[in-house]
Amino acid sequence: MAWASCTDLLSLHPDVLSKMDKTGYASLMRQMSSSHAKQNFGELLEAAAHEPVAIERHKKVKAIVCSPEAFQGRANRDGQLAERRAARAAQALVDKDRLIKHQRLAIDLILMPQPQREALIARARAEVERWRRERLCSEDYIARWDALLGLPVEALASAMACESLEWGTALRQNSPWLLVTS
């Protein structure tokens with residue numbers, strides 16, 4: 001026997017979704033008063049084996065009783081949700097790391113001697129051209145990197161270091177600077 005809020009159980013029983021009372025609990029779910037549930041506990045257990053049962057006290061739902069299977073289904077979904085959140089957080093860290101590497105490179109581009117800078121930009125252009133020739137990357141990325149690499153160094157550095165650059169995260173994921181930022 002497990003206890004959960006009705007909002008947790010709506011996904012288990014979509015037919016219950018039809019009406020919600022002001023406390024956020026489904027009012028069409030089978031309901032029992034707390035005193036009836038206490039005096040007829042066997043009936044409560046039998047009913048909860050088939051569907052969640054709302055337990056009311058003073059005309060307000062205070063608990064939901066459901067079968068272990070229904071509760072475990074919810075727990076499994078919660079675990080999957082936690083895994084997805086953890087994966088998103090890990091990806092955000094990877095994205096932030098890529099941004100920092102590109103910001104460092106942007107600073108280096110501005111500060112390095114012009115011949116070294118031009119050689120580095122030429123290598124990046126060659127990499128983008130290889131993507132095009134070997135069809136390794138979407139034309140969208142290729143066109144955007146072509147445009148960025150055609151900018152003056154200060155504008156290129158500014159775009160690379162910008163956190164809010166349109167397509168920034170995707171461009172840093174598919175970067176011609178990979179050998180430099182690794």
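Guide: Happy to. A word we need at once is "buried": a residue is buried when its relative accessible area is under 20%. Please keep in mind that this is a predicted model.

Visitor: Which residues are buried in H7, and where do they sit around the axis?
Guide: In H7, the buried residues are Val153, Leu156, Ala157, Ala159 and Met160. Around the axis they cover an arc of only 165 degrees, which puts them on the same side of H7.

Visitor: What covers the buried residues of H7?
Guide: Parts of the chain in contact count as cover here, and contact means heavy atoms within 4.5 Å. For the buried residues of H7, the cover includes H4, H5, H6 and H8.

Visitor: Let me step back for a moment. How many helices and strands are there in the chain, and in what order do the elements run?
Guide: The chain has 9 helices and 4 strands. Reading from the N terminus on, the elements run β-α-β-α-α-β-β-α-α-α-α-α-α.

Visitor: What percentage of the residues of the chain count as buried?
Guide: The chain has 182 residues. Buried means under 20% relative accessible area. By that cut-off, the buried part of the chain is 31%.

Visitor: Which residues touch the most other members of the largest nonpolar core?
Guide: This core has 23 residues. Helices H4, H5, H6, H7 and H8 each supply at least two residues of it. The members that touch the most others are Leu109, Ile121, Trp145, Leu149, Leu156, Met160 and Trp177.

Visitor: Which residues is Ile121 in contact with, leaving aside its neighbours within four places in sequence?
Guide: Ile121 is one of the core residues that touch the most other members. With those sequence neighbours set aside, the contacts of Ile121 are Leu109, Leu149, Val153, Leu156 and Trp177.

Visitor: Which residues of helix H3 are buried, and against what do they pack?
Guide: Helix H3 spans residues 41-50, and its buried residues are Leu44, Ala47 and Ala48. Seen down the axis of H3, they fall within an arc of 100 degrees, so they line one face of the helix. They pack against strand S2, helix H2, strand S3 and strand S4.

Visitor: Now for the surface. Which residues make the nonpolar patch of about 310 Å²?
Guide: One of its residues, Ile110, lies in helix H4. At 42% relative accessibility, Ile110 counts as partly exposed. The patch is made by Ile107, Ile110 and Leu111.

Visitor: I would like to hear about charged pairs. How far apart are the closest N and O atoms of Glu163 and Lys96?
Guide: Side chains of opposite charge can pair when their charged atoms come close. Glu163 is in the loop between H7 and H8 and Lys96 is in helix H4, 67 residues apart, so this pair links distant parts of the chain. Glu163 counts as exposed at 53% relative accessibility, while Lys96 is partly exposed at 38%. In their salt bridge, the closest N and O atoms are 2.7 Å apart.

Visitor: Which side chains meet that of Arg130 in salt bridges?
Guide: Glu127 is 3 residues from Arg130 in helix H5, so about one helical turn separates the two. Glu134 is 4 residues from Arg130 in helix H5, again about one helical turn. The N to O distance is 2.8 Å for the bridge with Glu127 and 3.4 Å for the bridge with Glu134.

Visitor: How many salt bridges does a search of the whole structure find?
Guide: Salt bridges that share partners join Glu129, Arg132, Glu139 and Asp146 into one network. For the whole structure, the search finds 9 salt bridges.

Visitor: Where do His58 and Lys59 lie, and is each of them buried or exposed?
Guide: Neither is a glycine, yet His58 has a positive phi of about 55 degrees and Lys59 one of about 65 degrees. His58 is in the loop between S3 and S4, and Lys59 lies in the loop between S3 and S4 too. With relative accessible areas of 73% for His58 and 80% for Lys59, each counts as exposed.

How values were computed. Residues numbered from 1 in each chain as written. Predicted model: local features only at pLDDT ≥ 70, side-chain atom pairs only at ≥ 80, totals over all residues. Heavy atoms only, no water. Buried < 20%, exposed > 50% of the residue type's maximum accessible area, 1.4 Å probe, protein only. Arc of directions from axis to C-beta. Core = buried A, V, L, I, M, F, W, Y, C linked by side-chain atoms within 4.5 Å. Patch = residues over 30% accessible without salt bridge, like charges linked within 9 Å, V, L, I, M, F, W, Y side chains within 5 Å. Areas by Shrake-Rupley, 256 points an atom, 1.4 Å probe, with all protein chains shown as cover. Salt bridge = Lys/Arg side-chain N within 4 Å of Asp/Glu carboxyl O.
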